[in-house]
Amino acid sequence: MSTRWYPIYQRGNPQLRVFLPNFWMKLVRPVEPQPPNVVTFAVSTEMTIHDVRSYLEKIYKLPVIDVRTRIAMGETRRDQTYGYVTKKDDVKYAYVTLPKTEAFTFPDLFENKAEKQEKEEKSMDESKDGFRKFLDRNKKRPGTPGWYSI
């Protein structure tokens with residue numbers, strides 16, 4: 001089954017068809033601390049344990065020991081003015097256990113915040129120096145404040 005519907009017959013040369021699966025997996029940061037060999041995924045609600053296992057083993061060549069899933073209910077809210085209830089979609093989580101020799105740590109994407117902040121401060125100082133040089137260069141120009149002495 002695919003996410004796209006194509007007509008069965010087309011005149012002329014048939015177009016190339018790409019069939020996309022309905023399954024998807026998203027790596028999620030775990031809420032509670034877990035052992036280093038357990039990885040959490042948010043998966044499509046139609047996926048079963050066997051689908052998750054075969055997906056990881058065949059596509060990513062990961063050795064999977066165990067897969068457990070749970071469905072988390074979406075958040076419900078009541079509208080203050082009209083009183084109707086809205087609900088977000090349910091999410092299915094898959095907890096994949098890898099062998100003890102494998103260890104997964106969630107990547108820290110913003111680990112060098114200090115370097116980034118230093119770089120921003122350096123560029124700010126450079127722009128301030130450039131503006132000071134501009135003011136010094138244009139001090140004596142007529143039409144700008146400060147070209148005459150009081």
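**Entry 1**

I started with Val-38 and looked for its bridge partner in strand 6, which turns out to be Thr-97. This is a predicted model, so I read every value below as computed from that prediction. Next I checked Phe-41, and found Ala-94 of strand 6 opposite. Counting along the pair, I get six bridges between strand 2 and strand 6, in the antiparallel sense.

**Entry 1: how covered is strand 2?**

I went through residues 38–43, the span of strand 2, and six of the six residues came out buried.

Which order do the four strands take? I noted 1-2-6-3, in an open sheet with antiparallel pairing. Strand 1 (25–27) and strand 3 (66–72) each have a single partner strand, so they stand at the edges and one side of each lacks a neighbour in the sheet.

Met-25 has Val-43 of strand 2 as its bridge partner. On the strand 3 side, seven bridges join that strand to strand 6, and the two run antiparallel. One position I wrote down there is Ala-72, opposite Val-91 of strand 6.

Is strand 6 enclosed or open? Six of its seven residues are buried, so I put it down as largely enclosed by the rest of the structure.

**Entry 2: helix 1 over the sheet**

I moved on to helix 1, residues 49–59. This helix lies across strand 1, strand 2, strand 3 and strand 6 (91–97). Against strand 3 I have it running at about 125 degrees.

**Entry 3: two loop residues**

Ser-44 is in the loop between strand 2 and helix 1. Its relative accessibility is 2%, and the cut-off for buried is under 20%, so Ser-44 counts as buried. What does Ser-44 touch, apart from neighbours within four places in sequence? My list is Asn-22, Phe-23, Trp-24 and Lys-92.

Pro-63 is in the loop between helix 1 and strand 3. I get a relative accessible area of 38% for Pro-63, which makes it partly exposed. With the neighbours within four places in sequence left out, Pro-63 is in contact with Leu-98, Pro-99 and Glu-102. I also took a C-alpha distance: Pro-63 and Thr-97 are 34 residues apart along the chain, and their C-alpha atoms are separated by 9.0 Å. That is the Thr-97 that pairs with Val-38 in my opening entry.

**Entry 4: a nonpolar patch**

I then turned to the surface. Phe-131, Phe-134 and Leu-135 form a nonpolar patch there, and together they have about 300 Å² of accessible area. I placed Phe-134 in helix 2, residues 113–137.

**Entry 5: whole-chain numbers**

I finished with the totals. There are two helices and six strands in the protein, and from the N terminus on I read the elements as β-β-α-β-β-β-β-α. How much of the protein is buried? Buried residues make up 19% of the 150 residues. The accessible surface comes to about 13300 Å², with 56% of it belonging to carbon and sulfur atoms. For contact range, I took the contacts with a separation of 6 or more: residues 24 or more positions apart account for 45% of them.

How values were computed: Residues numbered from 1 in each chain as written. Predicted model: local features only at pLDDT ≥ 70, side-chain atom pairs only at ≥ 80, totals over all residues. Heavy atoms only, no water. Pairing = 2+ DSSP bridges. Contact = heavy atoms within 4.5 Å. Axes fitted to C-alpha atoms, helices over the stretch in contact; angles between N-to-C directions. Patch = residues over 30% accessible without salt bridge, like charges linked within 9 Å, V, L, I, M, F, W, Y side chains within 5 Å. Areas by Shrake-Rupley, 256 points an atom, 1.4 Å probe, with all protein chains shown as cover. Salt bridge = Lys/Arg side-chain N within 4 Å of Asp/Glu carboxyl O. Buried < 20%, exposed > 50% of the residue type's maximum accessible area, 1.4 Å probe, protein only.
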